[in-house]
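Hi,

Here is the structure I promised to pass on.

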Amino acid sequence: ADKCSQLQAMKVKTQWGEIYADDSENRAPVCVAIFRALFKKDPATKPLFSRVGSDDTNSPIFKAHCLRLLGGLDMTISLLDTPTVLEQTLIHLNEQHLARPGVKRIYFDAMGNVLDEILTLVYPPYDRNAWAPCWSTIVDGISKGL
Ligand code: HEM
């Protein structure tokens, strides 16, 4: 896959800024919708999150988990133009995921597909050609060795 270019990184940062900042009231519901779609696409992912309430995706504990993940994504996207710091952030996130038994690389690809579908629906300016390589940079880092 192509590398996330500076221009694409800028585009993704700008678009993510609009999506994430949009209306903080929508953040948890959209996040939960991403996970519901992921659990549907690949049911093996659901039990991985049982500790944080995946049996009831409307529960505050699951929403809190969801927002931690989204916060992590926000951090990595914000750093797309600062490769040295991005690298360390991805190493840290990679360690956190290596520590969770059962997490596999294919689930990151499934999540990427879900995000692509949802953003296509809810955010018309969504530029898949910019997002695809930059999403790959992020998930390649987080899922290294998984
Ligand atoms: C936890 C980020 C994708 C599985 C977390 C946490 C963050 C995060 C920030 C919280 C870490 C902590 O406080 O310990 C991300 C990002 C992703 C991503 C940015 C995508 C770009 C995935 C995927 C899976 C996964 C695809 C597997 C389906 C987990 C698990 C936990 C976790 C099992 C621990 C939940 C718990 O607290 O019990 N993730 N994650 N993550 N993530 Fe991810």
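**Around the ligand**

The ligand is surrounded by 19 residues, and the closest are Arg51, Leu69, His97, Arg100 and Phe108; a residue is counted as near if one of its heavy atoms lies within 4 Å of the molecule. Before you go on, bear in mind that this is a predicted model, where local features need pLDDT of at least 70 and side-chain atom pairs count only at pLDDT 80 or more, while totals for chains, interfaces and linings use all residues. Residues are numbered from 1 along each chain as its sequence is written, and side-chain values use heavy atoms, with hydrogens and water left out.

Now to the iron atom of the ligand: its only protein donor is His97, through NE2 at 2.0 Å. Donors here are N, O and S atoms within 2.8 Å of the metal (3.2 Å for Na, K and Ca), and water is not among the atoms, so sites may look incomplete. You'll find His97 in helix α4, residues 83–98. Helices (H or I, at least four residues) and strands (E, at least two) are DSSP runs, numbered from the N terminus.

His97 also has a polar side-chain atom 2.9 Å from a nitrogen atom of the ligand.

As for which elements build the shell, α3 (60–78), α4, α5 (105–122) and α6 (128–142) each give two or more residues. The largest share, four residues, comes from α3. By class, the shell has twelve nonpolar, four polar and three charged residues (Ala, Val, Leu, Ile, Met, Phe, Trp, Tyr, Cys and Pro count as nonpolar, Asp, Glu, Lys and Arg as charged, and the others, Gly among them, as polar).

**The whole chain**

The protein has six helices and zero strands. Its radius of gyration is 15 Å, close to the 15 Å that the globule rule gives for 146 residues, so it is as compact as a globular protein of that length. That radius is taken over C-alpha atoms, and the rule is 2.2 Å times the number of residues to the power 0.38.

Cheers

Key: A polar contact is a pair of N or O atoms within 3.5 Å; within protein, one must be able to donate a hydrogen and the other to accept it, and residues adjacent in sequence count only if both atoms are side-chain atoms.
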